[in-house]
Amino acid sequence: MPTRSPGRSWRGPGSGGARRDVPGAMSETLGLDAAAVGRWCADRDLLEPPVVASPYPGGRSNLTARLEGADGRAVVLRRAPLGELEHGAHDVIREGRIMAALAGTDVPVPEVLGTEPDPGVTGAPFLVTAVVPGRVVRTAADLADLEHGIRTALALDLAGVLGRLHRLLPTELGLGDLATSTPHVPRLLRRWGGQIDRARPRERDLLQRARDALEAAAPPPVPSLLVHGDFRLDNVVVDVATGRVVGVLDWELATLGEPLTDLGTLLAVWTEPGDDLVPLPDPPSLAAGMPGGSALAAAYRDAAGRGIDPDELAFHLALAQWKLACIAEGVHRREAAGQHGGRTRGPDLGAIVAPLAERALDLVGPGPRSE
């Protein structure tokens, strides 16, 4: 049955792409039957049909669209990408459950307005949330109009929100059953290692060698907490007047696991001056006023209320780089196969697969770390 839960909100007006789909038509870009989705929203008093759907820029996994009704109200809809999917991936119903559980905590999340598990409505299950006024920062250019002090506050609050997330107890959120009892790192190595066999030959060898090295170097497991799984600046909405994070998005990869995996993910794409590997184009972390990774780690530590072992953080940074390489290879493969519905492609993620795998190998070495 569809669900409706209290919470907060999502991306602000005007952040959708320029293309607007014809009301009532099946969108090849978004995989949406606009008429059917419009009726679904009208039945729940979310929008007045006909609806107009516009793709949001950015996300290259689940398809995300802004739906605007004839009455001027707007919501956000997420569904799985087109084509054949990895088993268990792109579960937007699960994503909605997690965001609903976080409503009312000091981790800001979108308000979940409803979920629909029946693929008969528009070809796949979907999640509908409210719109969060604010900005998604993807490049340094997105910070051009902000004062240096706001940029600094934004980065430190980003790390602080992550630390606050890791203070929450999954059982108190009703999420104690979110993952199996298998330790988190082996789960990550198994899940993302599934991309390796389908990778291109050179990348396949590097990804496998990095996986073997990570498996050998893994630290002992720690008690599991709720982890986001893809915590980055471009997966949050910020209030540009204050630099505060007002919405954490894209909970698709959230699970119960080791909290340093999230910090490793954040730092893996936090490019600093002099870095020879730049995973993201025009990285916002290079903008004047943005602090370095060590400042983010300190802000996270203070918010989480726990120390950080440098060796464990180095391991989780390597793990994040390897995981990002696996994700990039999977996205590259899906885009080459046309599974993103003809949307305009971003940068070629296939080009960063080998450098990321090599960086992970450099961090953990070919075998177990010395004690």
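Modeller: A cavity is a set of grid points where a 1.4 Å probe fits but cannot get out, and its volume is the space filled by probe spheres set on those points. Please keep in mind that this is a predicted model. The largest cavity in it has a volume of about 100 Å³.

Biologist: How many cavities of 30 Å³ or more are there?

Modeller: Rolling a probe the size of a water molecule over the atoms shows where empty space is left. In this model the count comes to 2 cavities of 30 Å³ or more.

Biologist: Which residues line the largest cavity, and how do they divide into nonpolar, polar and charged?

Modeller: The lining of the largest cavity is made up of Val137, Arg138, Arg232, Leu233, Asp234, Leu266, Val269, Trp270, Leu280, Pro283, Pro284 and Ser285. By class, that lining has 8 nonpolar, 1 polar and 3 charged residues.

Biologist: Where is alanine 141 found, and is alanine 141 buried or exposed?

Modeller: Alanine 141 is in the loop between β7 (126–129) and α3 (148–165). Because its relative accessible area is 51%, alanine 141 counts as exposed, the cut-off for that class being over 50%.

Biologist: How should I read a pair of aromatic rings?

Modeller: A pair of aromatic rings is described by the distance of the centres and the angle of the planes. The structure holds 1 aromatic pair. Tryptophan 40 and phenylalanine 126 form this pair, with 4.8 Å from centre to centre and 70 degrees between the planes, which is an edge-to-face arrangement. The pair joins distant parts of the chain, since tryptophan 40 belongs to helix α1 (residues 34–43) and phenylalanine 126 to strand β7, 86 residues apart.

Biologist: Why do tryptophan 40 and phenylalanine 126 count as buried?

Modeller: Buried means under 20% relative accessible area. Tryptophan 40 is buried because its relative accessible area is 4%, and phenylalanine 126 is buried because its relative accessibility is 0%. Tryptophan 40 has a further neighbour in arginine 44, which lies over the face of the ring at 4.0 Å from the ring centre.

Biologist: What does burial look like for a helix such as α5, and for the protein?

Modeller: Helix α5 (residues 184–193) is mostly covered, with 7 of its 10 residues buried, namely His184, Val185, Arg187, Leu188, Leu189, Trp192 and Gly193. Of the 371 residues of the protein, 54% count as buried, and its secondary structure comes to 10 helices and 11 strands.

Biologist: Which residues does glutamine 321 touch, leaving aside those up to four places away in sequence?

Modeller: Contact means heavy atoms within 4.5 Å. Glutamine 321, in helix α9 (residues 310–336), touches Ala268, Leu356, Arg359, Ala360 and Leu363 when residues up to four places away are not counted. Glutamine 321 counts as buried because its relative accessibility is 4%. Across the protein, residues 24 or more positions apart account for 74% of the contacts with a separation of 6 or more.

Terms used. Residues are numbered from 1 along each chain as its sequence is written. This is a predicted model: local features need pLDDT of at least 70, side-chain atom pairs count only at pLDDT 80 or more; totals for chains, interfaces and linings use all residues. Side-chain values use heavy atoms; hydrogens and water are left out. On a 1 Å grid over the protein atoms alone, a cavity is a set of points where a 1.4 Å probe fits but cannot get out, and a pocket is an open set with protein on both sides within 12 Å along at least five of seven lines; lining residues have an atom within 4 Å of a point. Ala, Val, Leu, Ile, Met, Phe, Trp, Tyr, Cys and Pro count as nonpolar, Asp, Glu, Lys and Arg as charged, and the others, Gly among them, as polar. Helices (H or I, at least four residues) and strands (E, at least two) are DSSP runs, numbered from the N terminus. Buried means under 20% relative accessible area, exposed over 50%, partly exposed in between (1.4 Å probe, protein chains only). Rings of Phe, Tyr and Trp (its six-membered ring) pair if their centres lie within 6.5 Å; planes under 30 degrees apart count as stacked, over 60 as edge-to-face and the rest as tilted. A charge sits over a ring if NZ of Lys or CZ of Arg is within 6 Å of the ring centre and within 35 degrees of the ring normal.
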